[in-house]
Amino acid sequence: MQILKHPESTQRPDDPRNNEVVFPAYDVANGNLATPINSSPLVKAYINALPAYRAGLSASRRGLEVGMAHGYWLIGPFAKLGPLRDTSYANLAGLLSTIGLIIISTITISAYAYSNPPQPTATITTPNPPAAFRDGDGWNDYGSGFLIGGIGGATIAYFVLNNIALLKSLFSGL
């Protein structure tokens with residue numbers, strides 16, 4: 001970091017132009033550093049294989065995959081740690097709570113889409129961010145896919161939780 005002094009204001013130390021900060025390119029203080037973690041081929045391959053960064057996916061497909069994963073794993077904490085955990089309604093309460101959280105998350109994604117989001121930033125780990133997140137329409141498509149995937153993932157998890165005894169008996173016979 002370097003303080004830039006304007007030649008015409010050097011005579012007055014209280015001039016606000018004397019306090020402008022200039023950040024040179026590739027400065028270590030700016031944060032986009034190549035570390036052994038974020039620049040390793042293994043980490044780059046993992047991050048770029050996630051639905052948010054995988055090449056060739058539409059915005060709604062990205063949202064569908066992320067929503068399915070979140071809907072599937074969110075039902076567990078609601079069902080097993082919620083206030084109805086010791087009742088016969090625990091799984092149903094977990095399903096309804098998960099659907100409620102997915103709806104709230106979708107509303108926030110849509111609100112972000114309408115806020116004129118900034119362009120995605122290319123980093124060392126993701127040098128080519130997807131074009132789907134460059135405008136509000138892409139974010140709205142992502143949110144729609146997230147809603148459908150989240151409700152679908154939660155519903156599948158609900159049926160798995162309700163039929164765990166049947167699934168155990170099916171797979172124990174193999």
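I take contact to mean heavy atoms within 4.5 Å.

**Ground rules**

The model is predicted, so I keep local features to pLDDT of at least 70 and side-chain atom pairs to pLDDT 80 or more, while totals for chains, interfaces and linings use all residues. Residues are numbered from 1 along each chain as its sequence is written, and side-chain values use heavy atoms, with hydrogens and water left out.

**Entry: V66**

I looked up V66 and found it in helix 2. Helices here are DSSP runs of H or I with at least four residues, strands are runs of E with at least two, and both are numbered from the N terminus. Is V66 buried or exposed? V66 counts as buried because its relative accessibility is 14%. My cut-offs: buried is under 20% relative accessible area, exposed is over 50%, and partly exposed is in between, with a 1.4 Å probe and protein chains only.

I then listed the contacts of V66, leaving aside neighbours within four places in sequence. They are P51, Y142 and F146.

**Entry: the chain as a whole**

I counted five helices and two strands. Read from the N terminus, the order is β-β-α-α-α-α-α. The chain has 174 residues, and 30% of them are buried. I also looked at contacts between residues at least 6 apart in sequence. Of these, 58% join residues at least 24 apart.

**Entry: helix 2 against helix 3**

I took helix 2 as residues 59-81 and helix 3 as residues 90-113. Their packing angle is about 130°, and their axes are 8 Å apart. That angle makes helix 2 oblique to helix 3. For the classes: under 35 degrees is roughly parallel, over 145 roughly antiparallel, 65 to 115 roughly perpendicular, and the rest oblique. Axes are lines fitted to C-alpha atoms, for helices over the stretch in contact, and angles run from 0 to 180 degrees between N-to-C directions.

The crossing of helix 2 and helix 3 is right-handed. A crossing is right-handed if the near helix is turned clockwise from the far one by less than a right angle, and left-handed if anticlockwise.

Which residues meet here? From helix 2 I noted H70, G71, L74, I75, F78, A79 and K80. From helix 3 I noted A90, N91, G94, L95, S97, T98, L101 and I102. By class, this contact has eight nonpolar, six polar and one charged residue. Nonpolar covers Ala, Val, Leu, Ile, Met, Phe, Trp, Tyr, Cys and Pro; charged covers Asp, Glu, Lys and Arg; the others, Gly among them, are polar.

**Entry: helix 2 against helix 4**

Helix 4 spans residues 136-162. The axes of helix 2 and helix 4 come within 5 Å and cross at roughly 40°. That makes helix 2 oblique to helix 4. I classed the residues in this contact as 16 nonpolar, 10 polar and three charged. The crossing of helix 2 and helix 4 is right-handed.

**Entry: helix 3 against helix 4**

How do helix 3 and helix 4 pack? Their angle is about 175°, with the axes 9 Å apart. That makes helix 3 roughly antiparallel to helix 4. The contact of helix 3 with helix 4 has 16 nonpolar, 11 polar and no charged residues.

I checked one residue pair here. I103 lies in helix 3. Its relative accessibility is 38%, so I103 counts as partly exposed. The C-alpha atoms of I103 and I148 are separated by 9.8 Å, and the two residues are 45 apart along the chain.

N140 sits in helix 4. N140 is buried because its relative accessible area is 18%. Leaving aside neighbours within four places in sequence, N140 is in contact with S110, A113 and Y114.

**Entry: N116**

I looked for N116 and found it in the loop between helix 3 and helix 4. N116 is not a glycine, yet its phi is positive, at about 60°. Is N116 buried or exposed? N116 counts as exposed because its relative accessibility is 68%.

**Entry: the record**

An unreviewed entry places "transmembrane region" at residues 89-114 and 142-161. UniProt annotations may be inferred rather than shown by experiment; positions follow the numbering used here, and feature names are shortened.

I compared both spans with the model. Residues 89-114 are 92% helix and 0% strand, with end C-alpha atoms 38 Å apart. Residues 142-161 are 100% helix and 0% strand, with end C-alpha atoms 28 Å apart.
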